[in-house]
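Trainee: I would like to learn how to read side-chain features in a model. Could we take them one at a time?

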Amino acid sequence: MFLVFTVILVALIFTYTNGFHDTANAIATVVGTKVLTPRQAILLATITNLLGAMTGAAVAKTIASGLVDTRLIPPEIGSPMLIAALLAAISWNLFTWYFGLPSSSSHALIGGLCGAAFAAAHGNWHAIIWSKMPEAGQHWWAGGGILFKVVIPMLVSPLLGFVIAFGIMAALYVLLQSWRPRTVTRTFGRLQLFSSAYMGFSHGTNDAQKTMGIIALALAAATQAGTFDHLPAWLNFLRTNEAADPKNQHIALWIKILCALTMAAGTAIGGWRIIRTLGHKLVKLQPVHGFAAETAGASVLLGTAMLGMPVSTTHVITASIMGVGAARRLSALKWILAEQIVWAWIFTLPVSAAVAYGLVRLAEML
C-alpha cells in the first residue's frame, strides 16, 4: 500500500515539474512578442492547461495500458518500476531545465517507463509493447504500441508543426503585404491572446494526461495484485480494474482533477530559462509570428491528443517556431542553438530509459 501511494506522490511531483518545465511551450511566444507580461501569460496558461487537462483521456489510456505489458512484470516490482520511471523523467526534466533546453517531458516519461519495464521483466523485451497493427480497414494511427503511438508521432509531429507554421506564415506575408506594420502588430497582438490560449489548452490535453495514465496503471496493478482487498469502504475509489482493451481503460474523475490541478500549480511557477530560449534566443518574434507558431503547434497537439498519441509539446512548438523563422528567412534562425535543442531531443528517450533501468536494478539489490 505504501508503495502505491509513493507512486502517486512521485507522479504528482513529475506533473508539477512538467508544469513549470513545459510552461514555456504554451507562453514563450506570447512573452517573446511582449503581448503579455510573464505573469499575465502564466495566469492564462495555468487556466487553459487546467481546462485542457480535464478534456478527454485518450493519451492517459495509451500511457496506462498501451505501452507496457504488465502481465510480464512481477506484481511485487510493479510500484518500484513506476517510481523508477518517474524519477528518471524528473531527473531529465530538471537537468534540461537547468541548461534552458526545451526537451520533451513526454519522451522522458515514456523512455523511463520502457527502461524500467525492461529491467522489471528481467530483460524480457516483450514487456514493452513495440507495435500492435491496426485492424483491417483501420488507418495506421489506430495501431498501438511504441511504434504507432510514440516513434511515428515523434517523427511526424515536429515536421507537421514546421510545415504548417511555415505555410501559415507564408500565407500571412502575402495577405498582409499592403498592411501598415503598426496595424499588423496591433491586430495580431489581440489575435495572439486567442492563439496562446489555444496552445495552453492543447498542452493540457496532452501533458497532464500522461501522469493520469501512470496513476491509473499503478492502481490497476495494485488492484490485480490484491493490495486493495481489505480496504475500508471509504477507500474503494482506489480500486481500478485493468481493461482488456487499452482503449477502454477507465480513468477516474478524481485522478483527472488531481493531475490537472497539480499541472496548473506547476504552470503557475513558470519556467523562465526555457521561456528565454524559445521566446527570445531561437528567433526574434513579432505578434504575427507568435500567432502563426501557436496556431500551428496547438492544432498538431490537439489532433494527436484526440488520437491518443503522447507526443512532445516541446518538439511541436519548437518546430513551429523554426517554421515561422524559416518562412521569414533561413538566416533568421540561430542554427547552433537549434542543433543543441535537437541533440537534447535525441538523448531524451535513451538517457531516461537507462536511468530508469539502473534505478530498478538498484532497487532489486537493496
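Mentor: Start with a polar contact, which is a pair of N or O atoms within 3.5 Å; within protein, one must be able to donate a hydrogen and the other to accept it, and residues adjacent in sequence count only if both atoms are side-chain atoms. Here the side chains of Ser 105 and Asn 93 make such a contact, at 2.9 Å. This is a predicted model: local features need pLDDT of at least 70, side-chain atom pairs count only at pLDDT 80 or more, and totals for chains, interfaces and linings use all residues. Residues are numbered from 1 along each chain as its sequence is written, and side-chain values use heavy atoms, with hydrogens and water left out.

Trainee: Is Ser 105 buried or exposed?

Mentor: Buried means under 20% relative accessible area, exposed over 50%, and partly exposed in between (1.4 Å probe, protein chains only). Ser 105 is buried because its relative accessible area is 1%. The residue lies in helix α5, residues 105-120; helices are DSSP runs of H or I with at least four residues, numbered from the N terminus.

Trainee: How many salt bridges does a search of the whole structure find?

Mentor: A salt bridge is a side-chain nitrogen of Lys or Arg within 4 Å of a carboxyl oxygen of Asp or Glu. The search finds 1. Arg 361 pairs with Glu 364, their closest N and O atoms being 2.9 Å apart.

Trainee: Why are Arg 361 and Glu 364 separated by about one helical turn?

Mentor: Because they are 3 residues apart in helix α12, residues 335-365. Arg 361 is partly exposed at 25% relative accessibility, and Glu 364 is partly exposed at 31%.

Trainee: How many disulfides does the structure hold?

Mentor: A disulfide is a covalent bond between the sulfur atoms of two cysteines. The criterion is a pair of cysteine sulfur atoms within 2.5 Å, and the structure holds 0. As for individual cysteines, Cys 114 counts as buried at 13% relative accessibility, and Cys 259 is buried at 0%.

Trainee: Which residues form a nonpolar patch on the surface?

Mentor: Patches are made of residues with over 30% relative accessible area and no salt bridge; nonpolar side chains (Val, Leu, Ile, Met, Phe, Trp, Tyr) are joined within 5 Å, like charges within 9 Å. Leu 147, Val 151, Leu 155, Val 156, Leu 160 and Ile 164 form the patch, with about 440 Å² of accessible area together. Ile 164 is in helix α6, residues 145-175, and is partly exposed at 33% relative accessibility.

Note on methods:
Areas by Shrake-Rupley, 256 points an atom, 1.4 Å probe, with all protein chains shown as cover. Helix = DSSP H or I, 4+ residues; strand = E, 2+ residues; numbered from the N terminus.
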